[in-house]
Amino acid sequence: MTAPGTICYYDGRFGPLAEARVPITTHAFNYGTGCFEGIRAYWNEAAGCLQVIRLPEHVRRLANSARVLRLQCPDLESPERAQEVICELLRRNAFRTDVYIRPIVYKSGSTIQVTLSGIESDWCVYAVGMGDYVDTKDGLDVLVSTWRRIDDNAIPARAKPTGAYLNAALASDEARSRGAAEAIMLTGDGHVAEAASSNLFVVEDGILITSPVSDDVLVGITRDCVLRMARSRSLAVEERRIDRSELFVADEAFLCGTGVQIAPVRSVDGRPIGGGRPGPVTTMLRDWYQQIVRGQVDDFSEWRTPIAVATADGGATAGAAGAGGQ
Ligand code: PMP
């Protein structure tokens, strides 16, 4: 059996990751003209299968990003086909750990011209084993970045263009070099947008508040999970502009995203949030989210797509379906 993580999808077929190479003339390599997704699948030991979280929503956002960047990709024209490629990749890699999946749609043609039209496109997918990539248990110290979040009129903020992540990298790098775990980014006109690569919620008087989708945020899928979870427990939620100084007076704050999951914020710009430790609303949501994505509760079971993984005897694990199996 192949070692987990060594098979990728590239150039229209599955093959060794080590052999997947992009020529240096590739348009996307020169100009950042690609878009991508970050998707998680969690290994469910009890069910003996991987469960991909909100796969249809991630594929839909990838297709939307591709449309914004004029990336043509036949596999993405059928969401079922794109989902099936991702599921098959996981099956072939036979992961038995939590996994991070990275599809990229990109301008694969070679031209010096800076444009979006008339350039060949392709897509590829790889996956790596991944647990919690930052230790978020006690809460994160964050700083408001001196870098502003990309404006939707500069680079489409609701897409995930590869090139746009220079903005996130500048902000994260600045935060880390100043001793913080992550950066909070403001819009061009100085309101809170989101963190460098996750969305932000604050809790004030029991109300969950997050920036509106019109404030240059990525419309996060975990953000949507949080909104749905909160509403299902009758917690008040507001999508409205957040002032910078609201961060300092919030009772609680947390980041959410596929990678970071739900991560409490314990300080902003050196000022402790709440008691400087994860608050009750954040803790409830963080723990419940973990139970949902790990399939330990029946709530929101439609968010999980189970994947049959090959067993040592060459069979498939029971109880798991293919793409869109739930
Ligand atoms: N904002 C940005 C800029 C991101 O890169 C991400 C990660 N995809 C998020 C928010 C969170 O989005 P999601 O919950 O869909 O992962």
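Guide: A salt bridge is a side-chain nitrogen of Lys or Arg within 4 Å of a carboxyl oxygen of Asp or Glu. The model is predicted, so local features need pLDDT of at least 70 and side-chain atom pairs count only at pLDDT 80 or more, while totals for chains, interfaces and linings use all residues. Residues are numbered from 1 along each chain as its sequence is written, and side-chain values use heavy atoms, with hydrogens and water left out.

For accessibility, buried means under 20% relative accessible area, exposed over 50%, and partly exposed in between (1.4 Å probe, protein chains only). Lys137 is exposed, at 53% relative accessibility, and Asp138 is partly exposed, at 44%.

Over the whole structure, the search finds 23 salt bridges. One of them joins the side chains of Arg266 and Asp141, with N and O 3.0 Å apart. Arg266 lies in strand β15 (residues 261–268) and Asp141 in strand β8 (residues 140–148), so this pair ties together parts that are 125 residues apart in sequence. The numbering of helices (H or I, at least four residues) and strands (E, at least two) follows DSSP runs from the N terminus. Arg266 counts as partly exposed because its relative accessibility is 30%; Asp141 is partly exposed too, at 25%.

Salt bridges that share partners also link Arg54, Glu57, Asp224 and Arg228 into one network. Within it, the closest N and O atoms of Arg54 and Glu57 are 3.3 Å apart. Arg54 is buried, with a relative accessibility of 4%, whereas Glu57 is partly exposed at 23%.

Next comes the ligand. Around it are 15 residues, of which Tyr165, Glu194, Ile221, Thr222 and Thr258 come nearest; a residue is near if one of its heavy atoms lies within 4 Å. By class, this shell has four nonpolar, seven polar and four charged residues. Polar contacts are pairs of N or O atoms within 3.5 Å. A polar side-chain atom of Glu194 is 2.7 Å from a nitrogen atom of the ligand, and an N or O atom in the side chain of Lys160 is 2.8 Å from a ligand nitrogen. Ile221 contributes a backbone N or O atom, 2.8 Å from an oxygen atom of the ligand. The protein covers 96% of the 380 Å² of accessible area that the ligand has on its own.

Ser211 sits in the loop between β12 (207–210) and α6 (221–232). Ser211 counts as buried because its relative accessibility is 1%. The side chain of Ser211 reaches the backbone oxygen of Ala193 at 3.1 Å.

Strands β1 and β2 form it with two residues between them, and Asp11 in the turn has a positive phi of about 55 degrees. The two strands run antiparallel, and four bridges join β1 to β2 (residues 13–16); pairing requires that DSSP finds at least two bridges. Ile7 has Pro16 as its bridge partner in β2. In a regular strand the side chains alternate between the two faces of the sheet. Both faces of β1 (residues 7–10) are covered, with Ile7 and Tyr9 buried on one side and Cys8 and Tyr10 buried on the other.

Conventions. Polar contact = N/O pair within 3.5 Å; in protein donor to acceptor, adjacent residues only side chain to side chain. Areas by Shrake-Rupley, 256 points an atom, 1.4 Å probe, with all protein chains shown as cover. Nonpolar A, V, L, I, M, F, W, Y, C, P; charged D, E, K, R; others polar.
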